[in-house]
Amino acid sequence: MPFPQLLRLTTLFTFLFLHSPFTTYTFALPLTQQFREAPQFYNSPDCPSVDQDDSYSDSSDGENDLLCSDHHAVHVAMTLDSAYIRGSLAAILSVLQHTSCPQNIAFHFVAAASANTSLLHATVSSTFPYLKFRVYTFEDSSVSRLISTSIRSALDCPLNYARSYLANILPLCVRRVVYLDSDLVLVDDIAKLAATSLGDKSVLAAPEHCNANFTSYFTPAFWSNHALSLTFADRKACYFNTGVMVIDLGRWREGDYTAKIEEWMELQKRMRIYNLGSLPPFLLVFAGKIVPVDHRWNQHGLGGDNFRGLCRDLHPGPVSLLHWSGKGKPWARLDANRPCPLDALWAPYDLLQTPFSLDS
């Protein structure tokens, strides 16, 4: 059959198929971005061996040993979705490149149940063939009922709240984890951050910013309510960014802190006590009770002004982690050919396969 005729028949069949009232069909959105394979990184000779806790062993596979080790392993948790996958891969590369013991790092990725987790898994696996990781499913529909609208629609994504559920999502054998957002890069050894002492009873550690206007994170309705404002009466409450945290998941589980966060979210649904997304519930539960970490571990706000996306400079002092929190993301500004000066510090970790590199 001549090709033009075949093309017309194929087009007609497709039209009839798609418009048939008896046909149901779904389309899987392809991953439009292609990423090049990252180099493999190896432990330095003095790296300790990773031993698994036998009480939680479910396999003799070395990968599972690391993913369930409580001895010398560094556990990193991140969320994973198609919108931020480019940033996530850059963050992973920065972690591996700057640590002395990259083979001792286990990655725990949390993806929404509504996402194409197999595609996300395949993307990470093809980019980092030797990475020790697992992808967990987060039932984002379960938290959707608790989310109130905020000043930025991007903050209302259910996956933003996954950090509040890590103790429920990750296996019990993971007792301590470093949580990282997807819009950052490390330029220092993550093992130093992971080794932060939490003392005898603290649940988490993060860089504090006590010079910030803490009252601005809550509405006048909150501060005018005597019972609510007393929440911070017995503690020196300071702002901290939840994009970089060291969390003791064992203590979190013992204290049932997920339920405490949900209680504040439920109150928010009844009376608006804050305007941001997942941050205020964390502040309500933990502000003034965390272990402070040096500011070098979260040079945040590099995404710029939340309303106009204006560029920002680094805070004074040394830098171990650069965080593009805020409205603007470095990959988007680079693609638009309108980068901020500091976006050049993110670019070397970008693993996007460009059309030019594909042709070559």
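Helix α4 (residues 117-127) lies across β4 and β5 and runs at about 160° to β5. Helices (H or I, at least four residues) and strands (E, at least two) are DSSP runs, numbered from the N terminus. Axes are lines fitted to C-alpha atoms, for helices over the stretch in contact, and angles run from 0 to 180 degrees between N-to-C directions. The model is predicted, with pLDDT of at least 70 needed for local features and 80 or more for side-chain atom pairs, while totals for chains, interfaces and linings use all residues. Residues are numbered from 1 along each chain as its sequence is written, and side-chain values use heavy atoms, leaving out hydrogens and water.

The protein chain contains 14 helices and 13 strands. Seven of the strands form an open sheet of mixed pairing, in the order β5-β4-β3-β6-β11-β8-β12. At its edges stand β5 (133-138) and β12 (291-292), each of which pairs on one side only. Two strands are taken to pair if DSSP finds at least two bridges between them. Strands of a sheet pair through backbone hydrogen bonds, either parallel or antiparallel.

Within this sheet, β3 (residues 74-79) and β4 (residues 105-112) run parallel and are joined by six bridges. Val-74 stands opposite Ile-105 in β4. Helix α3 (residues 85-97) packs on the sheet, where it touches β3, β4 and β6 (176-180). The direction of α3 makes about 170° with that of β4.

Of the 360 residues in the protein chain, 48% are buried, that is, under 20% relative accessible area, with exposed meaning over 50% and partly exposed in between (1.4 Å probe, protein chains only). The chain exposes about 17900 Å², of which carbon and sulfur atoms supply 55%; accessible areas come from the Shrake-Rupley method with a 1.4 Å probe, and for residues only the protein chains shown count as cover. Among contacts (heavy atoms within 4.5 Å) between residues at least 6 apart in sequence, 75% join residues at least 24 apart.

Two loop residues have a positive phi without being glycine. For Asp-256, phi is near 50°. Asp-256 lies in the loop between α10 (249-255) and α11 (257-270), and counts as partly exposed because its relative accessibility is 44%. For Asn-337, phi is about 60°. Asn-337 is found in the loop between α13 (330-335) and α14 (355-359); its relative accessible area is 65%, so Asn-337 is exposed.
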